[in-house]
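Welcome, and please have your viewer ready. We will go from one stop to the next, with something to select at each.

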Amino acid sequence: QVQLVESGGGLVQAGGSLRLSCAASGRTFSSYTMGWFRRAPGKEREFVAAFTKISNIFYTDSVKGRFTISRDNAKNTVDLQMNSLKPEDTAVYYCAARTPKAGTYYYDNRAYDYWGQGTQVTVSS
């Protein structure tokens, strides 16, 4: 069992930055792929970034070059540094953890086993 708690959301002007952090409980954090997802108002939850247990990193196209995912296995944390924020980045951001399984994919929210409660990010124009 893994418990995830996000922090760091807030209100920021377009062009600004925020850093989200996710703290995980449990002794097997390093064995999980960690992901960030977001849900904008009226939209489905979408993949943002992932950091696998073998240190592969993936981003959705819309955040490449602006967002950076990092993890610290000693501290059981995964962070999302968000720069050059745009109003369309406004969403509730969720941290998630998965144990990789054949036939499932890091960008598919259905492949994740554990979720945080979410943190609101609002970018004003």
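This is a predicted model: local features need pLDDT of at least 70, side-chain atom pairs count only at pLDDT 80 or more; totals for chains, interfaces and linings use all residues.

Now widen the selection to strand β3 (residues 18-24) and strand β8 (residues 77-82). How many bridges join β3 to β8? There are six, and the two strands run antiparallel.

Next, bring in the neighbours. β3 and β8 belong to an open sheet of four strands, in the order β1-β3-β8-β7, with antiparallel pairing. Select β1 (4-7) and β7 (67-72) to see the edge strands, each of which pairs on one side only. On average, neighbouring strands in this sheet are turned by 15 degrees against each other, direction ignored. As background, the strands of a sheet pair through backbone hydrogen bonds, either parallel or antiparallel.

For the next stop, return to β3 and pick C22, which lies in this strand. Which residue forms a disulfide with C22? Select C95: the sulfur atoms of C22 and C95 are 2.1 Å apart. C95 sits in strand β9 (residues 91-98), so the pair ties together parts that are 73 residues apart in sequence.

The angle about the S-S bond is -75 degrees, making the link of C22 and C95 left-handed.

Finally, show the surface. Are these cysteines buried or exposed? C22 counts as buried, at 0% relative accessibility, and C95 is buried too, with a relative accessible area of 0%.

Conventions:
Residues are numbered from 1 along each chain as its sequence is written. Side-chain values use heavy atoms; hydrogens and water are left out. A disulfide is a pair of cysteine sulfur atoms within 2.5 Å. Buried means under 20% relative accessible area, exposed over 50%, partly exposed in between (1.4 Å probe, protein chains only). Two strands pair if DSSP finds at least two bridges between them. Axes are lines fitted to C-alpha atoms, for helices over the stretch in contact, and angles run from 0 to 180 degrees between N-to-C directions.
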